[in-house]
Structure formats: structure tokens, C-alpha cells
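Please look over the sequence and the structure below.

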Amino acid sequence: MTTTAIINLDLPGPIISRHVYGHFAEHLGRCVYGGFWVGEDAKVPNVRGIRADVVEALRALRIPNLRWPGGCFADTYHWRDGVGPREHRPRMVNSHWGDVVEDNSFGTHEFLDLCELLGAQPYVSGNVGSGSVREMAEWVEYLTRAGDSPMAALRRAHGRDKPWRVPFWGIGNEAWGCGGNMRAEHYASLARHYSTFVRDQGDNKVYRIAVGPSDGDYAWTETMMRSFDDLAADPVAPAAPFQALSLHYYTMTGSWSDKGAATRFTEDEWYVALSRASLMEEYLTRHSTVMDRYDPHRKVGLVVDEWGTWWNVEPGTNPGFLYQQNTLRDALVAAVHFDAFHRHADRVVMANIAQTINVLQAVLLTDPDSGALVRTPTYHVFEMSTGHHDAASLEVHLRDVPTVESDGRELGLVSVTASTKDDGALVSLANLDIGSPAEVVLDLRGRTAQCRGARILTAPTPASHNTPHSPSAVAPAGFDGVREHPRGLLVELPPHSYLTAELQLT
Ligand code: AHR
């Protein structure tokens, strides 16, 4: 069967924010410690304690933002423990993740230094679960206030004169779960309360992100949306006191008690993973429908600040550290998510993969013994998609898509999205079929298009992955299978592959 993808190149839609390609770094396992942060005395080359190769790899992705310090950890974190001379910082127990001692050597200044090195915008998650309104208000003041104030003076005493810019702020995390097991009504009031004291200091405008739903919890979304004063009344006044809701959704093939293996999976589990990843599309559609009822002008953003695969940990590793390998299957899960984010560009303003290094669907893995850095297949999907950052989405209409039944749903095996910017267009195509190639005609309308080049990510087996010994088993390669066709272009996609084609438009 030949699939047709009809794309109207002259009808640009909403902008795909670069922030949907965002990241997440929690004090969990080896994400911060051993991932980003090795300390100034480490053998591995570092800049003020931050791994230099990690910075270089993430800059190549044009990492737009970084969420920190959690996750569940955020609601146990007291920021004052992580400022001032490192040798005087108190220790605490990271009760959520491995019950290990946290020495607070990576704190506020180290995180902001990291963001500056990366060229990424900070997204700080404040503590609602075990913190206070005052603690959160003072953290904002410490970070962002110029001039004279008690917190600005404390920051200066700790060596930083100029305030930082912190554009994104989380009002707690997973309040329905690890963030306090709250009822929606109770948290909705707290979100209004805390947000009020997360002040814009000078010209630092904060985008406040309240805890939204998990998966398909539409009732939570409904309660949060009902907590706004009339959003419909004024089409331009920004949403207040918070501006967005988060959404968390993880992909696994099993259940929370046995999530499935990262690298040893059956053909059936290949499709279950992709079918469950495709639920992101349904969740975005249905949460947006609820939001539209209260917010017809679409002022409240949806921030998918935790998404990705969650597998059983690698054998022999600390179960509380959530370390897992990452195969071509994870890469295609990422492609399915990005396609959903592109299609919902009018509502989804940000997304953060969980997590950047050594935890869950990491884009980078570090070897604790040799110190080697490995780029995962998921990394390459991020890198191949940078052309979508801040580009205008293009609607794609698919015809004759092969499907399989999996996990009680029909899964389309070909996924295509596109965007346009500066007389160019980028088309992403994924063939989710584990064993068969896919033929796709790009029926390009409205402008004349020429293919400037294409790149493909695939490998001999669907479970192929990268290790320190074989770091490029899955890596993008140039692709010459895009040919001219009377209606545009014809693409022959190998089984289990992801491809991007760059078009020149005239
Ligand atoms: O990303 C791992 C954990 O998953 C986060 O800490 C939490 O928010 C979610 O449950």
C-alpha cells in the first residue's frame, strides 16, 4: 500500500514552540550527580564542575529549556540548603529516589550556571508539597530581583551580583501523587495562592505552570480550569494567577509493577509501546477539548513536562535510580510524541522529556566506570528535529495508512508531520512497521518544493542501541531514497525508521 501525505505548503499553521523540545533534570539516580555534575576535581573535563561533553552534546540539540530540581524531588527540596559555600551546605535524604544522601553540592547557582553554559532557559519547580509560600516567594526574589532586597543581598553575598532570568516556574509537581496526594479542589486553591506570590521582579516575566493531570484524568483538568476567573471575558488579558497546566504521561508495555524491558522485547511489545505512545495524541485532544470550554481564546498553555518511556531498570542497577537503555523503539516513541506536539501547537507550549541523562528515556548515558558519554537513539531524533523549532506547523492529511491492532487500538504505522520557516520546510516521517518498508507519496501543494537533503535513523534490528563500545550503532545517515514524483516526492522508508527531509520552497 502506498500512503499519501497531502501537505499544503502555503497554509502555515500555529508556531511549534522550540520549548516542546525541552528537557528535565531531577536529583534522581545519576541524572544530576554523575550526569551533569561531576564536581571541579573530577578527571572528566568539566567547566566549574559541569561535564563539558554533556554541554557540547546538548548545545548541538539547541536545548531550549531545562526543568529542575524535580519531579517528586522538587516537593522535598528546600532551596536554602543548596546555596552558599558547598562545604557548609546541609545534607538530606533523597527519600523518593534510592534513599541516598543528597549533599546539596548542586544547587541554585550551579543550576543557573548550567543553564547559561547550555544557552537554555531555566524552568524551576517550586516546592508546594513540603514548602511554604514564603519559601517559594523568596526563591523567586533571590533568583530574579535586581536592586536592593534581602534576597538579592543574599544572592550577592553568595557571589552573584546580577539576577538571572527565570521565565518558567512550576507550582509544585504531581500534587495528585508524590507532591502531596491532594484532591483537585484543594490543590487548585493552593495553585492560585502560591502563584500570587511568584512575582514578576522587574522585567523578569514568569510563566507559572500549575500541576495538571496525569494521563487521561480529565476531571483534574476540569477542576483546574474551573478555578480560573472567567477566561472567556477578555480575549487578550493573560490567564492569571497561573498561565499553564502540566500533563504527565509515561509509555510502558506492562504495568507499574512490571513495566517491560528496555532492550529485550517481542514484536508484540514493539507495537504495544508505540500504540501506548500514540495515546499522547488522544490525551492532548481530549484535555484541550476540556480546556477549550473554559478558555476559548486558548490563553492557558498545556506543558507536557514529563513524557517518555519508563522500563524496568537495567539488571544490577539501583531500582531507585531508574537507569534504562534506549533503543530504536524509544526513538520512534519520541517521534510519535513530537508529531503529537506539532499537531497541537496551538495548545502545547512546552514539553520536557524525562529525563536528560541516565534516567528513564535519556538522550545521553554516561558510563560510571570509564566516564564515556553515549548519545542514545532518542538523542538523534531531537537533533534531526531542530528544524521544527519555532517553525510554523503545516497540516498533514494522510490517506491509505497501513495499521495494526495493538493494545486494543488501531495504530497507524506511518506518521508524518511538517513545518515551514524561511522558504524551507522540514518533513518528519516515521515508519512504525517492525518488519516492512513503507512507501509514502508527499503530495505537496501550494508551492514548488525541491528536496535539499534527507537523513535517516534506523538500524539492523529494532532493539539496536548505543553503548560505550558501540556508540554509533544507531546514528543518522544521509538518505538518497527521496525521489521526484508527479505530485511532489516519493519516499521509501525502511522498516523501523525515522526520516527527515528538508525542502526548499519557491
Ligand atoms: O521522572 C520520574 C518521576 O516521575 C518524577 O519525579 C515524577 O514527577 C514522576 O512520577
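Which residues point one way from strand 11, and which the other way? A244, S246, H248 and Y250 point one way, while L245, L247, Y249 and T251 point the other way, and all are buried, buried being under 20% relative accessible area with a 1.4 Å probe and protein chains only. The model is predicted, so that local features need pLDDT of at least 70 and side-chain atom pairs pLDDT 80 or more, whereas totals for chains, interfaces and linings use all residues. Residues are numbered from 1 along each chain as its sequence is written, and side-chain values use heavy atoms, without hydrogens and water.

Strand 11 covers residues 244-251, and eight of its eight residues are buried. Strands here are DSSP runs of E with at least two residues, numbered from the N terminus. Two strands pair if DSSP finds at least two bridges between them. Strand 10 (residues 207-210) runs parallel to strand 11 and is joined to it by two bridges, with I209 opposite A244. Seven bridges join strand 11 to strand 12 (residues 301-309), again in parallel; here Y250 stands opposite G308.

Y250 also belongs to the ligand shell: with E26, C72, E174 and E306, Y250 is among those that come nearest of the 13 residues around the ligand, a residue being near if one of its heavy atoms lies within 4 Å. The shell divides into seven nonpolar, three polar and three charged residues, where Tyr and Cys count as nonpolar, Glu as charged. The protein buries 94% of the 280 Å² that the ligand exposes when taken alone, by the Shrake-Rupley method with a 1.4 Å probe.

Methods
Buried means under 20% relative accessible area, exposed over 50%, partly exposed in between (1.4 Å probe, protein chains only). Helices (H or I, at least four residues) and strands (E, at least two) are DSSP runs, numbered from the N terminus.
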